[in-house]
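Here is a short report on a protein model and the molecule it holds. Look at the structure first, then read on.

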Amino acid sequence: MKKIIFGGTIVTSSEIYPADILIEDEKIQLISKDLPINPNIETIDATGMYVLPGGVDVHTHFDLPMFGTVSSDDHYSGHKAAALGGTTTVIDFVPQNSESLIKDIDVWHKKADENAAIDFGFHMNITKFTSQISDEIPSLIDEGITSLKVFTAYNNTLRLDDRNIFQVMRIAAEFGFLTLLHAENGDIIEILVEEAIAKGNRSPIWHARTRPSWGAVEAVVRGVSFAAQTGAPLYIVHMNAAGEVDQLQYARDHHIKVMGETCPQYLFFNESFLEREDGAKWICSPPMRSISDNIRLWEGLSNGIIQVLATDHCPFFFDGTHSIEYEGKQVRIPGKELGRSDFRLIPNGLPAVGDRLPIFWTEGVVKRKLTLNQFVAITSTNPAKIFGMYPQKGTILPGSDADLVIWDPNKKLVYGRKVAQHRTDYNLFEDWNLSGFPIKVFLRGNLIVDGLQWNGSRGQGRYLKRSPNAYIL
Ligand code: URP
Ligand code: ZN
Ligand code: ZN
């Protein structure tokens, strides 16, 4: 059935204008003022509201085995929470676990395809590099995977040495992949962790103290130098330190093809949160830094040095010995309590996929005066462009998927776990007062969120094959 969203104000990354939107066959067919209505057309009144393209979160970890447990949102519950917060597309990371990347991707499809509730793509982690893997990487383009994540930390598990990162980036340059860099210094972390443990320093704050921001800054410079020498574009994930923003600015000023994302946790929190009694809730890697880092990251977003706000959503229960109710069932998954006596054993990661848009609206648009266009660019259009999904995703244009969010700028609510509905027992933004919230969310024209009500279903999300040689912003 055709649908018309009428009376709203459309916001894209470059325009703001009043218009109606005709939706047919999951796509936006027409955008015009005063579209004619007839009884065969369902109408949705958006008077007084903004109509935004669905959010695009390019950094999630659903159902990820880690630290002897698993991230507590799977590809259904995580997608549902994303949608409730106005996000309609996510990209999740496929871990490299076997001798074949294609086998690893199949494993991730088995987890995701039948559970997906919004549209989704995959990045591939490259954590072991052999001549067989080198030969296999180009075939990922046929799988619709056009981005490869490499790590300069996690010695002996995820880390690639510089020689291998350089080789991956050469392949990336040749075939049009985007390389994603987790920037920290694995060797220095190893030394600092050994020293901390030898001195009996095992509380959560030592997670941050053993992963210094200089390591992140230095690894960004290293990545930038590889981008310059290979000609491959580079994207720095989960930027957390002022010095990383400085390096990104330097590289971009020198016309190196480098871009970056930050995440809500790095904008609002700092390492002192790890000293709280419930500090484990904030454990993630890289760690949160200081208030001056928060400020520089905000600056980076507002002046365009950083292009994307993603989340690195990787939730764990704070107390996985107690269950929560989720969709009428009791659920409990081992979580942060695993590291109660040793920070090394605390699962790294936190919930954020549903928080991203509502928190960024209140804190970014309402309080820090980012423009509406910046809000859409940073949360939807830029990630869709950088990751080869534009203009199918990330905008409101005829022919684009009808992934639309009706946003009420006047809606006030007290936010927290019950609203967010991540499948975990805490929310970092508990009791925050929000001004502005998504009130209807459409996935390819289907109303999947109505008010705070979930109308979507498991399996309705589609896998997105993404294009190589995407935009460099
Ligand atoms: O603590 C985090 N961020 N866990 C996810 C893994 C990663 O490096 O993104
Ligand atoms: Zn990472
Ligand atoms: Zn991550």
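## Around the ligand

Ligand 1 has 13 residues around it, and His-61, Lys-149, His-182, Ser-285 and Asp-312 come nearest. A residue counts as near if one of its heavy atoms lies within 4 Å. This is a predicted model: local features need pLDDT of at least 70, side-chain atom pairs need pLDDT 80 or more, and totals for chains, interfaces and linings use all residues. Residues are numbered from 1 along each chain as its sequence is written, chains are lettered from A and ligands numbered from 1 in the order in which they are written, and side-chain values use heavy atoms, without hydrogens and water.

The shell around ligand 1 divides into 4 nonpolar, 7 polar and 2 charged residues. Asp, Glu, Lys and Arg count as charged; Ala, Val, Leu, Ile, Met, Phe, Trp, Tyr, Cys and Pro as nonpolar; the others, Gly among them, as polar.

Which atoms pair up with the ligand? The table lists pairs of N or O atoms within 3.5 Å.

| Residue | Part of residue | Ligand 1 atom | Distance |
|---|---|---|---|
| His-182 | side chain N or O | oxygen | 3.1 Å |
| Ser-285 | polar backbone atom | oxygen | 2.8 Å |
| Asn-348 | backbone N or O | nitrogen | 3.3 Å |

The protein covers 97% of the 270 Å² of accessible area that ligand 1 has on its own. That area comes from the Shrake-Rupley method with a 1.4 Å probe.

## A buried threonine

Thr-381 is found in helix 12, residues 372-386. Helices are DSSP runs (H or I) of at least four residues. Thr-381 is buried, with a relative accessible area of 1%; buried means under 20%. A polar atom of the Thr-381 side chain lies 2.8 Å from the backbone oxygen of Gly-394.

Notes. A polar contact is a pair of N or O atoms within 3.5 Å; within protein, one must be able to donate a hydrogen and the other to accept it, and residues adjacent in sequence count only if both atoms are side-chain atoms. Helices (H or I, at least four residues) and strands (E, at least two) are DSSP runs, numbered from the N terminus. Buried means under 20% relative accessible area, exposed over 50%, partly exposed in between (1.4 Å probe, protein chains only).
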